[in-house]
Amino acid sequence: MTKEPTLPLRWRLPIVLSLVVFALLALGAANALQRSQLLTTQTFERLWRNQIANLQRITSLGPDDGRIEQALAQAATDPAIVAMAVVDAQGRVLRSARKAWHGLPAAEALPGWDSALAGQAWSRGDAVSRWDDAQVLHMAQAVRLSHGDDHGARGLAPALLWITADAAAGLDRARWRVLQERLPDAAAAVLLTALLGLWMQRRLIRPLERVTMAAEGLRDGDLGRRAPVEGLPEIARLSEALNDMASAVQHAQTDLLASEQRLGTILYSTGDALLATDAKQRITLMNRVAEQLTGWREHEARGHLIDEIFVIENALTRLSAEVPVARVLAEGIVVGLANHTVLVARDGTRRHIADSAAPVRNADGTLQGVVLVFRDVTESWRLERALADSESHYRALADLGPTLVWTTDAKGHPNWVNLRWCEYTGQHSANALAGAWRDAMHPDDRRPTLLTIERSMQAGDPYECMLRLRRHDGVWRWMLAQGQARRDSAGALLGYLHTFTDVTAQREHDARRTEELTELQRWRAAMLGREARLAELKAEVNALCAAHGQPPRYAADDATPPKDGA
């Protein structure tokens with residue numbers, strides 16, 4: 001749980017606000033001081049540059065008659081001046097407001113003398129300056145100092161004007177002036193901060209505290225707690241949202257209780273038996289059907305291990321079977337019971353059951369237990385056994401007969417061939433079902449036969465056709481193929497029953513009879529032809545006799561040719 005801060009929000013927020021305001025004031029004052037200091041130093045340096053320019057002008061007017069000393073003395077009256085002198089090329093003081101410095105080396109007499117700065121002034125011939133860390137300005141200017149009488153200059157000697165001026169006092173005055181200018185702003189900021197703090201206290205902090213108290217009440221289970229809608233619009237909307245959320249949670253809790261009651265009613269009223277366990281395989285719930293099948297009451301079984309209540313065995317071996325709850329807890333998957341499972345009730349009653357066990361997880365996916373659903377399938381098991389026995393009986397009949405029998409499902413896929421088929425064709429049942437049954441057909445008969453079967457299955461009609469089938473010894477035998485749809489009691493198509501009957505002997509017998517009949521018909525036709533020719537010859541003899549005036553030699557009946565079919 002998060003540790004509460006040392007100071008409450010009502011104090012922390014004004015303090016933070018005050019610190020921010022004062023930080024802004026301090027930043028503004030610092031910027032103002034920096035600007036004032038820069039302006040002061042620039043003004044100070046410009047003032048003394050002008051002073052050096054004035055001294056330079058004086059040195060160039062002609063022979064020195066005391067004007068330089070007078071100008072130096074006048075400039076030295078400024079309190080900022082630390083040292084001011086004219087230095088010759090050898091580095092000695094020529095003129096100064098202090099007579100004691102005359103003739104002395106500048107490095108000894110002048111405070112803050114900088115030989116490097118002086119060298120820059122000699123080389124550049126212009127005014128150069130430098131500020132040190134103590135806000136002291138050092139400035140030098142190379143000049144030509146005139147010397148001689150009034151009637152003619154005897155020459156211009158090189159010299160250096162040097163000024164050292166302390167700007168600290170001016171900078172202090174500038175700082176003080178900035179502070180005085182910022183004082184009203186600071187007072188206004190303090191007043192504004194106080195007013196803003198009072199306003200925040202009434203419009204922000206107090207409403208937030210009340211919202212917090214309402215949220216804590218909801219956290220502790222007081223779903224009737226509500227936050228007053230006050231303060232800033234955002235906080236008011238937050239209060240409304242919190243109140244709406246509290247109402248929604250309250251309604252959801254009511255709905256959840258009702259849902260739990262409905263769920264409990266459903267679980268206890270369902271037709272399947274239901275057991276629930278925790279993660280330690282201990283029973284936590286048991287409906288009435290489970291009580292009836294196990295012989296245990298829920299209040300008696302609750303807290304017991306599942307193995308103590310749900311006792312199962314293998315129906316064939318009567319050995320104890322594994323309850324799937326442990327595997328579900330270990331692997332987190334849905335597990336079903338093995339076939340032929342028997343539940344042994346508390347009183348020893350044995351019932352065939354089918355069940356499945358599924359994991360129970362919470363919202364974050366953590367496994368919390370297992371739910372086991374099972375039902376009594378004893379009657380179904382008996383019917384399945386009877387059906388299996390019946391199927392075995394009829395398959396045995398099909399295997400004993402001479403007919404080759406095979407079946408297909410509703411989509412035409414072979415799913416069974418009888419033993420006679422395997423013996424006759426020499427194919428294994430698995431190979432035959434995989435498609436080898438087609439290979440046993442004669443290549444010339446295969447396509448017509450398959451088309452006949454396919455059309456019949458599409459129309460749902462029976463079929464009958466002839467084809468040649470290869471026997472296991474490679475001999476082609478004639479088969480009568482017949483097929484009939486198999487349907488359930490509701491008329492739905494289950495598949496097709498196909499039979500192949502060897503009719504080779506019958507076909508050979510029919511072929512022999514056909515040949516004999518054909519031969520008889522040929523001999524009869526030949527005999528009828530000879531008799532007709534004989535009658536024609538007799539008629540011709542009678543005609544010749546008549547032509548010669550003789551009586552006919554053959555009677556009229558003998559001269560009439562026999563009719564076909566007589």
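Two strands are taken to pair if DSSP finds at least two bridges between them. The legends below refer to a predicted model.

**View 1. Pairing of strand β13 with strand β17 in the predicted model.** Strand β13 spans residues 404-409, and five of its six residues are buried. Six bridges join β13 to β17 (residues 493-502) in the antiparallel sense. Within this pairing, Trp 406 has His 498 of β17 as its bridge partner, and Asp 409 stands opposite Gly 495 in β17.

**View 2. The hairpin formed by β13 and β14.** Strand β14 (residues 414-417) pairs with β13 over three bridges, in the antiparallel sense. On this side, the bridge partner of Trp 406 is Val 417 in β14. Four residues lie between the two strands, and Gly 412 in the turn has a positive phi of about 90°.

**View 3. The open sheet of five strands.** The strands follow the order β14-β13-β17-β16-β15, with antiparallel pairing. Strands β14 and β15 (463-470) stand at the edges with a single partner strand each, so one side of each is left without a neighbour in the sheet. Neighbouring strands of the sheet are turned by 25° against each other on average, direction ignored.

**View 4. Helices α13 and α14 against the strands.** Helix α13 (residues 429-439) lies across β13, β14 and β15 and runs at about 105° to β14. Helix α14 (residues 443-459) packs on the sheet, where the helix touches β13, β15, β16 (476-487) and β17. The direction of α14 makes about 150° with that of β15.

Terms used: Residues are numbered from 1 along each chain as its sequence is written. This is a predicted model: local features need pLDDT of at least 70, side-chain atom pairs count only at pLDDT 80 or more; totals for chains, interfaces and linings use all residues. Side-chain values use heavy atoms; hydrogens and water are left out. Buried means under 20% relative accessible area, exposed over 50%, partly exposed in between (1.4 Å probe, protein chains only). Axes are lines fitted to C-alpha atoms, for helices over the stretch in contact, and angles run from 0 to 180 degrees between N-to-C directions. Contact means heavy atoms within 4.5 Å.
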